[in-house]
Amino acid sequence: MARVEDYVVGIDVGSSKVVVLIGKRDERGGVEVAGRGQAPNRGTRRGNIVNIEATVEALKLASEEAEVMAGVEISRAYVGVAGADLRNVNSRGMISVARRDREITRADIQRALEAAQSAALPSDREILHAIPQEFVVDEQGGIADPLGMLGSRVEVMVHLVTGQVARTKTLLTCINRAGIEVAEMVFEPLATADAVLTPDERDLGVLLVDVGAGTTGYALFSDGEVQHSGVAPVGASHFTNDLAMVLRTPYAEAERIKVKEGCCLLSMVQDEEGISVPAVAGGAPRVVARREICEILQPRAEEMLSLLREDLAKAGWEGPLRGGVVLTGGGAQLDGLLELCGQIFNSSVRYGLPHGLGGLVDVLGSPGWATAAGLLRYAVAAEANPQRARRRAGFSVRNMVGSLRNVFSDLL
Ligand SMILES: Nc1ncnc2c1ncn2[C@@H]1O[C@H](COP(=O)(O)OP(=O)(O)OP(=O)(O)O)[C@@H](O)[C@H]1O
Ligand SMILES: [Mg+2]
């Protein structure tokens with residue numbers, strides 16, 4: 001008989017759809033996909049919720065579908081966050097070792113991590129994750145964990161993920177109103193990285209890019225740790241908007257044309273084949289060359305990828321990406337994006353499909369499922385061994401759900 005405790009749940013409230021994935025723990029510490037649900041979401045724009053009712057409805061629909069498939073009722077979930085309001089920075093903390101014999105204790109490490117988080121934050125912002133990148137003990141760097149070492153000074157480099165309190169609270173409210181408690185909120189590109197990157201890539205230097213509908217999230221890993229991450233306010237729906245505007249066709253038609261015929265690299269368009277483009281308000285359709293469609297899509301794709309490259313340059317990254325770029329998210333499937341990305345980052349590029357899960361994995365065939373799959377892997381690791389899992393994924397210091405209480409009981 002299946003028990004609720006055997007299951008973990010990941011929820012990705014995306015700009016285009018809400019995804020609920022239910023996983024069942026196996027005996028080997030892994031997770032098997034037991035159920036999935038999906039519902040279109042009209043309540044979110046650029047990763048931020050603009051309509052609570054619509055988002056709650058989508059959440060209810062998606063979770064019911066997943067529950068029926070898995071044959072279990074869900075009450076608690078790991079929830080992804082990826083709004084364009086997130087601002088992620090690297091910070092440094094330094095402390096003197098307390099003990100006379102100079103042995104570094106857990107309390108010293110905790111103080112160093114807290115010092116790194118004490119940088120002034122605007123009052124409307126809160127730290128979601130503080131991810132240790134590297135410790136330095138008396139000038140010696142590259143230390144992953146200084147516990148038990150001898151030294152007089154401990155420094156830590158930390159990657160901070162910060163979000164607007166009001167935005168995160170709104171997401172929490174939606175999940176609670178759908179009858180689900182939030183176990184943890186997890187920055188989506190980090191969860192996705194868990195599902196699609198290999199440890200070798202993380203060591204060599206890899207950029208994970210999640211091209212969603214409203215936003216493009218990214219995380220740069222090197223030496224096994226996240227070095228920088230962020231969210232650009234441009235996603236795959238902007239490509240559709242551009243097509244709809246320039247071709248003067250309804251949004252739904254523009255979306256269909258983008259998915260079926262779209263390509264964002266001119267050198268890949270060879271045929272001179274014409275594409276029928278329906279007019280707005282029932283006028284006669286026009287025939288547009290595929291090349292012309294590409295001329296609309298390519299500048300937007302270049303803009304999106306250049307935004308990421310500039311963000312990384314501002315954060316001090318100069319390359320190279322020896323582990324390459326891994327593209328995921330629904331928008332990654334746009335024809336030509338992989339090749340264009342290779343040119344812009346001057347590196348190899350591959351698609352990132354979720355791996356490392358058992359069970360009904362065939363239902364996760366598209367990159368749009370990578371985030372929810374990553375949330376499941378994160379959930380299982382976090383619950384099996386909170387300290388270790390949090391260190392590995394980097395969520396070691398603080399996660400804002402601790403301070404933002406679930407308002408679950410007040411709502412029912
Ligand atoms: N074959 C395809 N070619 C091009 N674009 C595609 C294809 N399939 C899906 N997309 C685009 O992917 C987007 C949806 O991706 P995804 O499901 O990852 O977004 P999301 O998670 O809902 O959004 P966000 O992450 O921004 O909140 C849509 O804009 C859709 O047009
Ligand atoms: Mg997404």
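I began inside helix α8 (residues 290–314), where Arg 300 and Glu 303 are three residues apart and therefore separated by about one helical turn. The model is a predicted one. Arg 300 and Glu 303 form a salt bridge, with their closest N and O atoms 3.0 Å apart. I noted Glu 303 as partly exposed, at a relative accessible area of 36%.

I then searched the whole structure and got 20 salt bridges. Among them is the pair Arg 350 and Glu 201, with the closest N and O atoms 2.8 Å apart. Arg 350 sits in strand β18 (residues 349–351) and Glu 201 in helix α5 (residues 199–204), so this pair ties together parts that are 149 residues apart in sequence. Arg 350 is partly exposed at 30% relative accessible area, while Glu 201 is buried at 11%.

Next I looked up Lys 17, which forms a salt bridge with Asp 12; the closest N and O atoms are 3.8 Å apart. Lys 17 is buried, with a relative accessible area of 17%, and Asp 12 is buried too, at 5%.

I also found a network of salt bridges that links Arg 92, Glu 139, Arg 153 and Glu 155.

Last, I turned to the helices. The axes of α1 (residues 52–70) and α3 (residues 165–177) come within 9 Å and cross at roughly 45 degrees, which means that α1 is oblique to α3. Their crossing is right-handed. On the α1 side I listed contact residues including Ile 52, Val 56 and Leu 59, and on the α3 side Cys 174 and Ile 175 among them. By class, this contact has five nonpolar, two polar and three charged residues.

Conventions: Residues numbered from 1 in each chain as written. Chains lettered and ligands numbered in written order. Predicted model: local features only at pLDDT ≥ 70, side-chain atom pairs only at ≥ 80, totals over all residues. Heavy atoms only, no water. Axes fitted to C-alpha atoms, helices over the stretch in contact; angles between N-to-C directions. Helix = DSSP H or I, 4+ residues; strand = E, 2+ residues; numbered from the N terminus. Parallel < 35°, antiparallel > 145°, perpendicular 65-115°, else oblique. Left-handed = near helix turned anticlockwise from the far one by under 90°. Contact = heavy atoms within 4.5 Å. Nonpolar A, V, L, I, M, F, W, Y, C, P; charged D, E, K, R; others polar. Salt bridge = Lys/Arg side-chain N within 4 Å of Asp/Glu carboxyl O. Buried < 20%, exposed > 50% of the residue type's maximum accessible area, 1.4 Å probe, protein only.
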